[in-house]
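Student: I've just opened this one and could use a guided look. Can we go through it together?

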Amino acid sequence: MNHIYIGLVFSHSLVENALVCVLIDHLAENWKSEHLHKVAAIVNVQEGVSAVMVIVVAHISDAYVGRFKMVLFSTAAYIIGLVLLWLAAWVLTRSTEVRILYAALVPIALGTAARDPLLKAFLGDQLREQKEPTSNVDDDEERVLCRTNILWRFAWFLGAIVAAFALKKDSWLYTSKISAIVMGVAYMLFLSGISFYNHQTPTGSPLTIVFTVLKVAILKRHLDYPLSPNHFFNNESDQILVLPHIQFFRWLDKAAIIESSSLSPVEQENKGKLCTVAQVKEVKLVLKMVPMWTTFLTYSLVEASGSTFFIQQANNMKDSIGGNEFTVPIQAFFVIKSFSSFIISYLYHLLVLKLWGTEANHQQHYMLVRIGIGMFSSILCCLAAWRVEVHRLLHLVKIEPEALSMMSIYWLIPQFCLLGFMEGLAQDGLQDFFSHHQVSESMKSYGPPFRDCILGIGKFLSIPFVLVFRCWFKDTINKSHLDQYYKMLAILSLGNLCIYWYVSNMYAYTKAPVLEKVDFDANLNLEECIVSTMETRADLPEEN
């Protein structure tokens, strides 16, 4: 039954590449009265909402409804959004089209949000059931993940190629209709195999632990830090400092403090009034990633340009080969981007990890370098886009300001390849770094949702950033000065790379130190306890 749910992946890819990725092209062509930065803002809001909703749908799926039901619901919402887009292309009045379009973007955002974390995980569940287990559980899981990625990428590339060459010159009305029909047919085929699927019941979301620890720590903010490890609930390490020891997040330790109450500690835990030391540690490990995540906010500005302004560049350049016999669709550049991302990520795992990255500390160092190279690729991407736009605008001045540039669309290949390198190095590297070296086992599956959420926040930040430099944006791309915008992004990306270098040193070669047990006499005063603790920590390796 593999072909049934793989068809759903194919339909997602076709719709994404034929319709969603080129939304700005439709808006710029049909909403000519709107300035370029307003059209880009609509696309960034849609992508930002979709990216932020990823973590929401993942939490709801794990905590309440399960993956299968969430895939059913989100795909149905996606189909509704596509039908609304089809209807919006039919209407004649501008105001009605705008209302229908805005209404369509919400279910489309939900459908795209559930694609990677849920549909891909659901595919893995089916392959895991078909695979006969062996004695080595880790090897079995690695094989399942490998098969999942291969099937996923195959279906995704197939859908992208069909979108690029079968729907390249069709109208928006026809493309939206075909997209809705393809997604609907794939959905019905998916439903036909419902009795054959491996239905995983909800096992609980680790985000529930995060919310509980934050809530309890806030409610207990008035408590003093204990002088004995026995005052912490389920403190197996017998330490008064909950690792990782980060001074800014030490207030979270209060969530594990046992208060005098008529209820037993277990009863307090069941009522959500007390947390274990292990739960507090899990939350602190997640929050330890905040400095790393902040370096991706500037990075996401470049990512946002790839789905907005890069497309507008392509639509205003010569796209034909050998006269007018063959035209290059913009979707072909998304195929180039996806292929570049896959190749660079595959080469990293093949050459770096398998040949040199045998030790955990070395792997962590290589992942940080991998992300840094991805950040550097964002600078190169901006510089490539800047130089192409400079030449494109100069060519227009010589011919006619509003004419289609005769500069070949092939000049955009470097910046789209670099977009792929950014994704395969920085984004995939962030996911691996989060999942393999920073968090507990239960939180590892939330690497992609957290990554997408951070990138979504960055997409929202691109809106005020563009408004700050709105003098560079006019009603058309030919009247705008995207070259200045790209140059500014390159400068910001360079500064962000420097910040990343500083932040990465906080993580390089660090392990959570295991504190030695400190015995406290009940008669010691606070000052003696602190001195005793500091003397014990003085013999340990310093933690960044």
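This is a predicted model: local features need pLDDT of at least 70, side-chain atom pairs count only at pLDDT 80 or more; totals for chains, interfaces and linings use all residues.

Student: How many residues does the largest nonpolar core have?

Tutor: Start from the residues with the most contacts inside that core: Phe190, Met292, Phe296, Phe309, Phe450 and Tyr485. Phe309, for one, is in contact with Leu36, Ala40, Val466, Phe473, Ile477, Leu482, Tyr485 and Tyr486, leaving aside neighbours within four places in sequence. There's also a second, separate core of 5 residues, with Leu14, Ala18, Ala163 and Ile178 among them. As for the largest core, its count is 134 residues.

Student: Are helix 9 and helix 11 roughly parallel or roughly perpendicular to each other?

Tutor: Helix 9 covers residues 206-219 and helix 11 covers residues 277-287, and their axes lie 9 Å apart. On the helix 9 side, Pro206, Ile209, Val210 and Val213 meet Gln279, Val280, Glu282 and Val283 of helix 11. Those contact residues split into 6 nonpolar, 1 polar and 1 charged. The packing angle is about 100°, and angles of 65 to 115 degrees count as roughly perpendicular, so the two helices are roughly perpendicular.

Student: And Gln268, does that count as buried or exposed?

Tutor: Gln268 sits in helix 10, residues 265-270. Not counting residues up to four places away in sequence, Gln268 touches Glu259, Ser261, Leu263, Lys273 and Leu274. Buried means under 20% relative accessible area, and Gln268 has 4% relative accessibility, so Gln268 counts as buried.

Key. Residues are numbered from 1 along each chain as its sequence is written. Side-chain values use heavy atoms; hydrogens and water are left out. Axes are lines fitted to C-alpha atoms, for helices over the stretch in contact, and angles run from 0 to 180 degrees between N-to-C directions. Helices (H or I, at least four residues) and strands (E, at least two) are DSSP runs, numbered from the N terminus. Angles under 35 degrees count as roughly parallel, over 145 as roughly antiparallel, 65 to 115 as roughly perpendicular and the rest as oblique. Contact means heavy atoms within 4.5 Å. Ala, Val, Leu, Ile, Met, Phe, Trp, Tyr, Cys and Pro count as nonpolar, Asp, Glu, Lys and Arg as charged, and the others, Gly among them, as polar. A nonpolar core is a set of buried Ala, Val, Leu, Ile, Met, Phe, Trp, Tyr and Cys residues joined through side-chain atoms within 4.5 Å. Buried means under 20% relative accessible area, exposed over 50%, partly exposed in between (1.4 Å probe, protein chains only).
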